[in-house]
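Open the model in your viewer and have the selection panel ready. The tour goes from one selection to the next.

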Amino acid sequence: MTEVVATARRSRITPEREAELYEAVLDLLREVGYDALTMDAVAARTKSSKATLYRQWGGKAELVAKAVRHSKPGGMGLDAIDTGSLKGDLHALTMRSDDCEMEQNSALMRGLAMAVHSNPDLLRAFREHLIEPEMASFRRVVQRAVDRGEVRADNPAIEFMMHMMLGGFAARTMIDELPPTQSFLMSYIDAVVLPALGITPSDQ
């Protein structure tokens, strides 16, 4: 009975209202960063009560992690994609965000990456709501490629799939001082990710 009541209390916010709240949280993050973000500021920006925010999300870390997850195209993205080839799947995922969105997301994630290292609650929330679900999605996509015969099941690069994808996204700004773009990421996928998995892009 207690679990039912708790679930009912946490589900009072409509999906539309939830999306508004997440957008406001991301706007505040871009303005002030994670450490300076407060639940008071979120409540004021969204015209919500702080009690509602805590009841629904428990705290700042979970709210931020779920807001970032919500901002990803198509939720987590990969599970809704099945083009029939690994190259097609990864390119389709890349095309879900335009260059402007990628630039905004890159700046946001750089700031959050620093905050994660000094906030254990944020790290736990990111692992639960972003990292682990996304790793599971990548594993399912690669398993489909293995089942199709595109990738050998014993290819050691499979375990580093997500590392490679995130690395290209993050390194673009650090090394080239440019934001990631669709063109850059698709070239990176073809030149780095697919060959590491034993796939020749021209064959797909």
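The model is predicted, so local features need pLDDT of at least 70 and side-chain atom pairs count only at pLDDT 80 or more, while totals for chains, interfaces and linings use all residues. Residues are numbered from 1 along each chain as its sequence is written, and side-chain values use heavy atoms, without hydrogens and water.

Start with the aromatic pairs: the whole structure has 2. Rings of Phe, Tyr and Trp (its six-membered ring) pair if their centres lie within 6.5 Å; planes under 30 degrees apart are stacked, over 60 edge-to-face, the rest tilted.

Select Tyr 22 and Trp 57. This pair is edge-to-face, at 5.7 Å centre to centre with 65° between the planes. Tyr 22 is in helix H2 (residues 15–32) and Trp 57 in helix H4 (residues 50–57), so the pair ties together parts 35 residues apart in sequence. Helices here are DSSP runs (H or I, at least four residues), numbered from the N terminus. Buried means under 20% relative accessible area with a 1.4 Å probe, protein chains only; Tyr 22 is buried at 4% and Trp 57 at 1%.

Next, select Phe 184 and Tyr 188, a stacked pair at 6.3 Å centre to centre with 20° between the planes. Both lie in helix H10 (residues 182–196), 4 residues apart, about one turn of the helix.

Then select Lys 60 and Tyr 34. Lys 60 lies over the face of Tyr 34, 4.2 Å from the ring centre (NZ of Lys within 6 Å of the centre and within 35 degrees of the ring normal).

Finally, select residues 38–57, listed by UniProt in an unreviewed entry as "DNA-binding region"; such annotations may be inferred rather than shown by experiment. The chain there is 80% helix and 0% strand, with its end C-alpha atoms 13 Å apart.

Technical notes. Helix = DSSP H or I, 4+ residues; strand = E, 2+ residues; numbered from the N terminus. Buried < 20%, exposed > 50% of the residue type's maximum accessible area, 1.4 Å probe, protein only.
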